[in-house]
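Here is a friendly walk through one protein chain, from its overall make-up to a few individual residues. Have a look at the sequence and the structure, and then read on.

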Amino acid sequence: MGGAMLAGWLADGLAPSVILDRHRDDIPAPHGVVRQASDLPDDFAPALVILATKPQKAAEILPSIAHFARRAPILSVMAGKTVGGLTAALAEAGTPGATVIRAMPNTPSAVGRGMTVCFAPPTATEADRALCTRLLSAVGDVAWVADEAQMDAVTAVSGSGPAYVFLLAELMEQAGIAQGLPADLARRIARRTVSGAGALMEQSGIDAAELRRRVTSPGGTTQQALEVLMAPQAWPATMEQAIAAATRRARELAS
């Protein structure tokens with residue numbers, strides 16, 4: 001996720017920044033790359049620290065960046081890590097009272113079409129929130145929730161959502177091949193149909209259900225397909241089950 005967001009920021013003209021990454025050396029000037037936090041000077045004063053590492057690496061990473069939390073808010077994009085948990089970990093590492101803002105972006109951020117939902121605790125200032133909004137808006141849309149508990153459902157719908165859409169394109173491609181289409185054509189029309197429908201939905205502002213009704217002629221081919229997909233135990237049930245399963249897993253990770 002961090003790599004996807006960085007790609008979007010670089011494409012948008014990110015202000016000179018320092019990226020802490022043990023493996024990358026392809027970051028263009030005027031940005032800098034360091035391998036570990038100890039490579040930064042003691043007086044380094046960032047405007048914002050973005051914590052974009054795998055959740056299981058948090059215990060390893062947090063002690064090395066804790067002292068920066070005395071100078072700047074932390075923007076965490078780690079799935080399943082709560083504000084309270086990160087704040088407590090930073091306090092154990094020597095920085096009590098750190099301001100941690102939690103964000104859940106998704107991978108379309110890499111092409112400037114992301115969706116990021118954020119939660120900020122009372123310790124975050126309006127300036128902190130504005131800075132996060134400005135940064136995240138460079139890679140897509142930004143929304144805020146007042147209740148951190150909602151971030152689990154956000155993770156299930158938005159954070160994991162691109163995978164559901166990719167699966168749809170994958171299955172449409174396979175079904176087209178099964179109906180006799182050449183593989184390259186099936187792939188092309190499945191991908192273009194999914195991306196085009198998404199663009200139409202976003203640009204039109206029309207409710208998704210209304211768009212579906214508009215393309216469904218009575219007794220036509222689309223209706224025949226939808227009668228299968230919208231059967232009680234088909235998409236309506238399985239999508240709800242999938243989102244519920246992902247939400248439960250997000251809660252498990254948070255605990």
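## Helix α10 and its span

The expected span of a helix is 1.5 Å times one less than its number of residues. With that in hand, take α10, which has 20 residues. From its first C-alpha to its last, α10 reaches 28 Å, close to the 28 Å expected at 1.5 Å a residue. Please keep in mind throughout that this is a predicted model.

Which residues of α10 are buried? They are A237, I243, T247 and A250. Viewed down the helix axis, the buried residues of α10 fall within an arc of 155°, so they line one face of the helix. The elements that cover these buried residues include α5 and α6.

## The chain as a whole

Stepping back, the protein chain contains ten helices and seven strands. Its C-alpha atoms fill a box of roughly 70 × 40 × 30 Å, taken along the principal axes.

The chain has 255 residues, and 33% of them are buried. Among contacts with a separation of 6 or more, 59% come from residues 24 or more positions apart.

## How α5 and α6 pack

Two packed helices are described by the angle between their axes and the distance between the axes. For helix α5 (residues 151–159) and helix α6 (residues 161–178), the angle is about 30° and the axes are 5 Å apart. Angles under 35 degrees count as roughly parallel, and α5 and α6 are therefore roughly parallel to each other.

Which residues make this contact? From α5 come A156, V157, S158 and G159, and they meet G161, P162 and Y164 in α6. The residues of this contact of α5 with α6 divide into four nonpolar, three polar and no charged.

T155 is found in helix α5. Buried means under 20% relative accessible area, and at 12% relative accessibility T155 therefore counts as buried. Not counting residues up to four places away in sequence, T155 touches M104, S160 and A250. A250 is itself one of the buried residues of α10.

T247 sits in helix α10 (residues 235–254). Is T247 buried or exposed? T247 counts as buried, because its relative accessibility is 8%. Leaving aside neighbours within four places in sequence, T247 is in contact with D152, A153 and A156. Of these, A156 also belongs to the α5 residues that meet α6.

## The two sides of α7

Helix α7 (residues 183–204) has 22 residues. The distance from its first C-alpha to its last is 31 Å, close to the 32 Å expected at 1.5 Å a residue. The buried residues of α7 are A186, A190 and V194. They cover an arc of only 60° around the axis, which puts them on the same side of α7.

What do the buried residues of α7 pack against? They pack against α6. The face turned away from the buried side of α7 carries the exposed residues D184, R188, R192, L200, E202 and Q203. Just after α7 comes G205, which takes a positive phi of about 75°.

## Prolines in two loops

P30 is found in the loop between β1 (18–20) and β2 (32–34). The peptide bond joining A29 and P30 is cis, with omega at about 10°.

P105 lies in another part of the chain, in the loop between β5 (100–104) and β6 (114–119). P105 is buried, because its relative accessible area is 0%. Leaving aside neighbours within four places in sequence, P105 is in contact with M1, M5, V77, M115, T116 and G159. G159 is also one of the α5 residues that meet α6. As for P105 and A237, they are 132 residues apart in sequence and 26 Å apart in space, C-alpha to C-alpha.

## R213 in α8

Finally, R213 is found in helix α8 (residues 208–215). R213 is partly exposed, with a relative accessible area of 46%. R213 and Q223 are ten residues apart in sequence, and their C-alpha atoms are 9.4 Å apart in space.

Conventions: Residues are numbered from 1 along each chain as its sequence is written. This is a predicted model: local features need pLDDT of at least 70, side-chain atom pairs count only at pLDDT 80 or more; totals for chains, interfaces and linings use all residues. Side-chain values use heavy atoms; hydrogens and water are left out. Axes are lines fitted to C-alpha atoms, for helices over the stretch in contact, and angles run from 0 to 180 degrees between N-to-C directions. Helices (H or I, at least four residues) and strands (E, at least two) are DSSP runs, numbered from the N terminus. Angles under 35 degrees count as roughly parallel, over 145 as roughly antiparallel, 65 to 115 as roughly perpendicular and the rest as oblique. Contact means heavy atoms within 4.5 Å. Ala, Val, Leu, Ile, Met, Phe, Trp, Tyr, Cys and Pro count as nonpolar, Asp, Glu, Lys and Arg as charged, and the others, Gly among them, as polar. Buried means under 20% relative accessible area, exposed over 50%, partly exposed in between (1.4 Å probe, protein chains only). The arc is that of the directions from the helix axis to the C-beta atoms.
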